[in-house]
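Subject: Structure handover

Hello,

Here is the structure I promised to pass on. Please open it first, then read my notes below.

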Amino acid sequence: MNSCFYQESETEQSNRLAKTYQLDIKAGDTRLFFPEQFAVSDGELPILEMEMTTLADASESLDGIDAALTTYPKGFVSKFINAIYISGPMLMEGAEAGGTYSRNSIILSNISDKNGTNFNYENSLRGVHHELSSLIYLCSPFVNLAWQGLLPESWSPASSNYEALTQDRSIGPDYENGFLSTYGKTNIENDFNIFAEFAFSEPEKLRDLAAVYPTIAKKLSLFITAYKQVLPEYQQGFEEYFTNTGLSDVVIKPNNVEITIHSDFSNIKPQIIH
């Protein structure tokens with residue numbers, strides 16, 4: 001007996017995700033979702049450049065987005081963004097970038113030449129966690145301050161997006177000083193972003209690293225605090241996630257740090273201040 005199954009199209013998949021998570025999943029003309037913080041005046045060199053792609057060409061990116069969104073408590077993501085946009089190749093200050101964010105959306109790049117290699121799936125899977133975490137970071141100023149106290153005295157941030165994006169990836173991560181990747185070492189927000197990638201897509205690896213390296217365990221404590229306290233109604237959901245993944249078991253609370261945030265962001269969207 002022959003059996004058959006129905007495979008949803010890319011448009012149907014994006015519509016299903018939109019209905020499930022209460023946010024738009026779109027591709028197309030990048031002028032319609034260009035992030036306002038990268039706008040430049042006439043005659044100035046562009047900071048951000050994005051080519052166009054289509055949903056039909058972004059099947060693997062959609063699968064990555066699909067997988068990433070299942071990680072969060074129901075309703076959490078749409079409290080911070082109302083859309084996930086997919087562009088073609090993206091350049092930031094001339095360097096290849098995997099994604100970015102605006103005050104109420106995230107944008108992920110899809111490179112059609114890399115379809116079939118797992119690149120677009122991984123970029124979107126990790127990219128959702130990475131870009132969304134920037135909006136949680138912006139709502140967590142006390143975590144930001146405490147994070148600074150865990151950086152090496154000799155540390156300094158990258159001077160530009162270009163410098164951050166063109167780090168020598170052949171150099172291994174500086175786990176001893178609490179960094180999960182060379183990109184994470186470029187500034188505090190990028191460091192937080194990389195912790196989000198690991199916490200939500202590779203929690204076992206992050207758990208193992210935190211069990212060995214105390215600074216990673218201390219940063220993980222701050223990271224978990226940010227997610228548990230950013231919106232009180234989702235605290236239990238994140239407590240369950242971090243407990244079930246074993247991440248809560250390996251944290252070390254930083255010395256002399258007490259963070260309690262009792263803010264209600266349920267009716268506002270984060271604002272990026274320039």
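**Asparagine 123 and its surroundings**

Setting aside neighbours within four places in sequence, asparagine 123 is in contact with Gly98 and Ser109. Contact here means heavy atoms within 4.5 Å. Asparagine 123 sits in helix α3. Its relative accessible area is 16%, so asparagine 123 is buried. The cut-offs are these: buried is under 20% relative accessible area, exposed is over 50%, and partly exposed is in between (1.4 Å probe, protein chains only). The C-alpha atoms of asparagine 123 and glycine 99 are separated by 8.4 Å. Along the chain, those two are 24 residues apart.

**What you are looking at**

This is a predicted model, in which local features need pLDDT of at least 70, side-chain atom pairs count only at pLDDT 80 or more, and totals for chains, interfaces and linings use all residues. Residues are numbered from 1 along each chain as its sequence is written, and side-chain values use heavy atoms, with hydrogens and water left out.

pLDDT is the predictor's confidence in each residue, from 0 to 100. The chain has a mean pLDDT of 92, and 91% of its residues reach 70 or more. Over residues 259–274, the pLDDT is below 50. That stretch has 35 contacts in the model beyond near neighbours in sequence.

Helices (H or I, at least four residues) and strands (E, at least two) are DSSP runs, numbered from the N terminus.

**Helix α3 against α6**

Back to the helix that holds asparagine 123. α3 (119–138) packs with helix α6 (residues 188–201) at an angle of about 130°, with their axes 8 Å apart. That makes α3 oblique to α6. Axes are lines fitted to C-alpha atoms, for helices over the stretch in contact, and angles run from 0 to 180 degrees between N-to-C directions. Angles under 35 degrees count as roughly parallel, over 145 as roughly antiparallel, 65 to 115 as roughly perpendicular, and the rest as oblique.

The crossing of α3 and α6 is right-handed. A crossing is right-handed if the near helix is turned clockwise from the far one by less than a right angle, and left-handed if anticlockwise. On the α3 side, the residues that meet α6 include Leu125, Arg126, His129 and Tyr137. Among their α6 partners are Ile188, Glu189, Phe192 and Phe200. By class, the contact of α3 with α6 has nine nonpolar, six polar and three charged residues. Nonpolar means Ala, Val, Leu, Ile, Met, Phe, Trp, Tyr, Cys and Pro; charged means Asp, Glu, Lys and Arg; the others, Gly among them, are polar.

**Helix α8 and its two partners**

How do α4 and α8 lie to each other: roughly parallel or roughly antiparallel? They are roughly antiparallel. Helix α4 (residues 141–148) packs with α8 at an angle of about 175°, and the axes are 10 Å apart. Val143, Ala146 and Trp147 in α4 meet Lys219, Leu222, Phe223, Thr225 and Ala226 in α8. That contact divides into six nonpolar residues, one polar and one charged.

Helix α7 (residues 203–212) is the other partner of helix α8 (residues 214–229) described here. Their axes come within 5 Å and cross at roughly 120°. That makes α7 oblique to α8. The crossing is left-handed. From α7, Leu206, Leu209, Ala210 and Val212 take part; from α8, Pro214, Ile216, Ala217 and Leu220. The contact of α7 with α8 has eight nonpolar residues, no polar and no charged ones.

**Loop residues to look up**

- Glutamine 22 is in the loop between α1 (10–21) and β1 (24–26). It has a positive phi of about 55° although it is not a glycine. Glutamine 22 counts as exposed, at 58% relative accessibility.
- Glutamate 93 is in the loop between β4 (90–92) and β5 (95–97). Its phi is positive, near 55°, in a residue other than glycine. At 32% relative accessibility, glutamate 93 counts as partly exposed.
- Asparagine 104 is in the loop between β6 (99–101) and β7 (105–109). At 17% relative accessibility, asparagine 104 counts as buried. Leaving aside neighbours within four places in sequence, asparagine 104 is in contact with Phe80, Ile81, Asn82 and Ala83.
- Asparagine 118 is in the loop between β7 and α3. With a relative accessible area of 40%, asparagine 118 is partly exposed.

Best wishes
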